[in-house]
Amino acid sequence: QVQLVESGGGLVQAGGSLRLSCTASGRTFSNYVMGWFRQVPGKEREFVSGISRGGATTYYKDSVKDRFTISRDNAKNTVYLQMNSLKPEDTAVYYCAADGSVVVPKTPRAYDYWGQGTQVTVSS
């Protein structure tokens, strides 16, 4: 089992920044690819960003490219999502997820473990 705990969400004005963190425990963190997803009420959970086990390869949803940066520190069992130039449409509950596969999935059902989510609200 892998336990994931997100932090760093909050309320920010449009154009502002937040950094989300997700700390893992229970298994060897570097054995898992990591993903960030977000969900708003009434909509499906969507892929935001993902990172390979070693951190060399990253993926982004088109609408967040050049604004969000994913990174990981395997020594600290933590994955980060730096979010800059935030927009009201980025408002959602953000979840981190872990999967034991080699490639980074972009579908929620592929992930084995999930955090509890952290709310991000961007005001206009």
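**Briefing: cores, a disulfide and an aromatic cluster**

Trp114 comes out as partly exposed, because its relative accessibility is 26%. Welcome to a predicted model, in which this tryptophan belongs to one aromatic cluster together with Phe37, Phe47, Tyr95 and Tyr111. The structure also holds one disulfide, and its largest nonpolar core has 28 residues. Here is a friendly tour, starting with the rings.

**Aromatic rings and a charge**

- The model has six aromatic pairs.
- Tyr95 and Trp114 make an edge-to-face pair, because their planes stand at 80 degrees, with the ring centres 6.4 Å apart.
- This pair ties together parts that are 19 residues apart in sequence, because Tyr95 belongs to strand 9 and Trp114 to strand 10 (residues 113-114).
- Arg45 places its charged end over the ring of Tyr95, at 3.7 Å from the ring centre.
- Arg45 also lies over the face of Trp114, where the distance to the ring centre is 4.8 Å.

- Leaving aside residues up to four places away in sequence, Leu81 is in contact with Leu18, Arg19, Leu20, Trp36, Val48, Ser49, Phe68, Thr69, Ile70 and Tyr94.
- There is also a second, separate core of six residues, among them Phe47, Ala97, Val104 and Tyr111.
- As background, nonpolar side chains in soluble globular proteins tend to be buried together.

**Ala97 in strand 9**

- Ala97 is found in strand 9 and counts as buried, because its relative accessibility is 0%.
- What does Ala97 touch, not counting residues up to four places away in sequence? The contacts of Ala97 are Leu4, Val33, Met34, Gly35, Phe37, Tyr111, Tyr113 and Trp114.
- From C-alpha to C-alpha, Ala97 is 9.7 Å from Gln116, and the two are 19 residues apart in sequence.

**The disulfide**

- Cys22 and Cys96 are joined by a disulfide, with an S to S distance of 1.9 Å.
- The bond links distant parts of the chain, 74 residues apart, with Cys22 in strand 3 and Cys96 in strand 9.
- Is this disulfide right-handed or left-handed? The disulfide of Cys22 and Cys96 is right-handed, because the torsion about its S-S bond is about 50 degrees.
- Cys22 is buried, because its relative accessible area is 0%, and Cys96 is buried with a relative accessible area of 0%.

**Gln13 in strand 2**

- Gln13 sits in strand 2 (residues 10-13).
- Its relative accessible area is 61%, so Gln13 is exposed.
- Beyond residues up to four places away in sequence, Gln13 touches Val122 and Ser123.
- Gln13 and Ala24 are eleven residues apart along the chain, and 29 Å separates their C-alpha atoms.

Conventions: Residues are numbered from 1 along each chain as its sequence is written. This is a predicted model: local features need pLDDT of at least 70, side-chain atom pairs count only at pLDDT 80 or more; totals for chains, interfaces and linings use all residues. Side-chain values use heavy atoms; hydrogens and water are left out. A nonpolar core is a set of buried Ala, Val, Leu, Ile, Met, Phe, Trp, Tyr and Cys residues joined through side-chain atoms within 4.5 Å. Buried means under 20% relative accessible area, exposed over 50%, partly exposed in between (1.4 Å probe, protein chains only). Contact means heavy atoms within 4.5 Å. A disulfide is a pair of cysteine sulfur atoms within 2.5 Å. Helices (H or I, at least four residues) and strands (E, at least two) are DSSP runs, numbered from the N terminus. Rings of Phe, Tyr and Trp (its six-membered ring) pair if their centres lie within 6.5 Å; planes under 30 degrees apart count as stacked, over 60 as edge-to-face and the rest as tilted. A charge sits over a ring if NZ of Lys or CZ of Arg is within 6 Å of the ring centre and within 35 degrees of the ring normal.
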